[in-house]
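Please read these notes with the structure open beside you. They go from the chain as a whole to a few single residues.

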Amino acid sequence: MANILVLHGPNLNLLGTREPGIYGHDTLDSINAELAARATAAGHTFDAFQSNSEAELVDRIQAARADGTAFILINPAAFTHTSVAMRDAMAAVALPFIEVHLSNPHRREPFRHTSYFSDLAEGVVAGFGATSYQFALEAAIRRLAAAQPH
Ligand code: DQA
């Protein structure tokens, strides 16, 4: 059993109504509920946190070191392309993580092509809408199973 944490960056609280042509119709609550169900079925505990504030996200990342989090899924949203502070926090806690995006930033504006997280991540899942989170969770579950002593 491990604790899995999913972090959602700014404006992802608006999912469902926010540019549905790009981000789909699923709400953040429905995404989190599906993730929680799958993580729990795999024998893990699950926590989700969304903030529009860079400082709150940095604080939550730092807290993950002390609260027993074993794996992080993170969609830093716009902070993907700007936040050295969140990158430094992820490097500091040194927990394995997967970067997740609903859209494929590489198909979009050039300013979205840079990520401060990808080179630290175990992997990146992007472009599959809400299913990106599900794919990332499956990968995390496999990594955690592979890491377990037999
Ligand atoms: C996003 C992509 C980012 O470029 C954007 O700023 C977001 C959402 C995605 O999930 O596709 O807010 O991270």
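1. The model is predicted. Please keep that in mind when reading the values in the points that follow.

2. Start with the elements. The protein chain has 5 helices and 5 strands. Read from the N terminus, their order is β-α-α-β-α-β-α-β-β-α. The radius of gyration is 14 Å, close to the 15 Å that the globule rule gives for 150 residues, so the protein chain is as compact as a globular protein of that length.

3. Next, the overall dimensions and the packing. Along the principal axes, the C-alpha atoms of the protein chain fill a box of roughly 45 × 30 × 25 Å. Among the 150 residues, 44% count as buried.

4. How do the axes of helix α3 and helix α4 lie relative to each other, roughly parallel or roughly antiparallel? Two packed helices are described by the angle between their axes and the distance between the axes. Helix α3 covers residues 54-66 and helix α4 covers residues 84-93; their axes cross at roughly 5° and come within 9 Å. Angles under 35 degrees count as roughly parallel, and α3 and α4 are therefore roughly parallel to each other.

5. The residues behind that contact can be picked out in the structure. On α3 they are E54, L57, V58, I61, Q62 and R65, and on α4 they are A85, M86, A89, M90, A92 and V93. By type, the residues of this contact of α3 with α4 divide into 9 nonpolar, 1 polar and 2 charged.

6. T69 deserves a look. It lies in strand β3, which spans residues 69-75. The side chain of T69 makes a polar contact with the side chain of D67, at 2.6 Å. Leaving aside neighbours within four places in sequence, T69 is in contact with N3, L5, A64 and L95.

7. L15 shows that a loop residue can also be checked for burial. L15 sits in the loop between β1 (3-8) and α1 (20-23). With a relative accessible area of 5%, L15 is buried. What does L15 touch, leaving aside its neighbours within four places in sequence? The residues in contact with L15 are Y23, D26, T27, L28, I31 and L102. H25 is 10 residues from L15 along the chain, and the C-alpha atoms of the two are separated by 6.9 Å.

8. A77, in the loop between β3 and α4, has phi near 55°, a positive value in a residue other than glycine. A94 is found in the loop between α4 and β4 (97-101), and its phi is likewise near 55°, again a positive value in a residue other than glycine.

9. Are these two alanines buried or exposed? A77 has a relative accessible area of 12% and is buried. For A94 the relative accessible area is 60%; exposed means over 50%, so A94 is exposed.

Technical notes
Residues are numbered from 1 along each chain as its sequence is written. This is a predicted model: local features need pLDDT of at least 70, side-chain atom pairs count only at pLDDT 80 or more; totals for chains, interfaces and linings use all residues. Side-chain values use heavy atoms; hydrogens and water are left out. Helices (H or I, at least four residues) and strands (E, at least two) are DSSP runs, numbered from the N terminus. A polar contact is a pair of N or O atoms within 3.5 Å; within protein, one must be able to donate a hydrogen and the other to accept it, and residues adjacent in sequence count only if both atoms are side-chain atoms. Contact means heavy atoms within 4.5 Å. Axes are lines fitted to C-alpha atoms, for helices over the stretch in contact, and angles run from 0 to 180 degrees between N-to-C directions. Angles under 35 degrees count as roughly parallel, over 145 as roughly antiparallel, 65 to 115 as roughly perpendicular and the rest as oblique. Ala, Val, Leu, Ile, Met, Phe, Trp, Tyr, Cys and Pro count as nonpolar, Asp, Glu, Lys and Arg as charged, and the others, Gly among them, as polar. The radius of gyration is taken over C-alpha atoms; the globule rule is 2.2 Å times the number of residues to the power 0.38. Buried means under 20% relative accessible area, exposed over 50%, partly exposed in between (1.4 Å probe, protein chains only).
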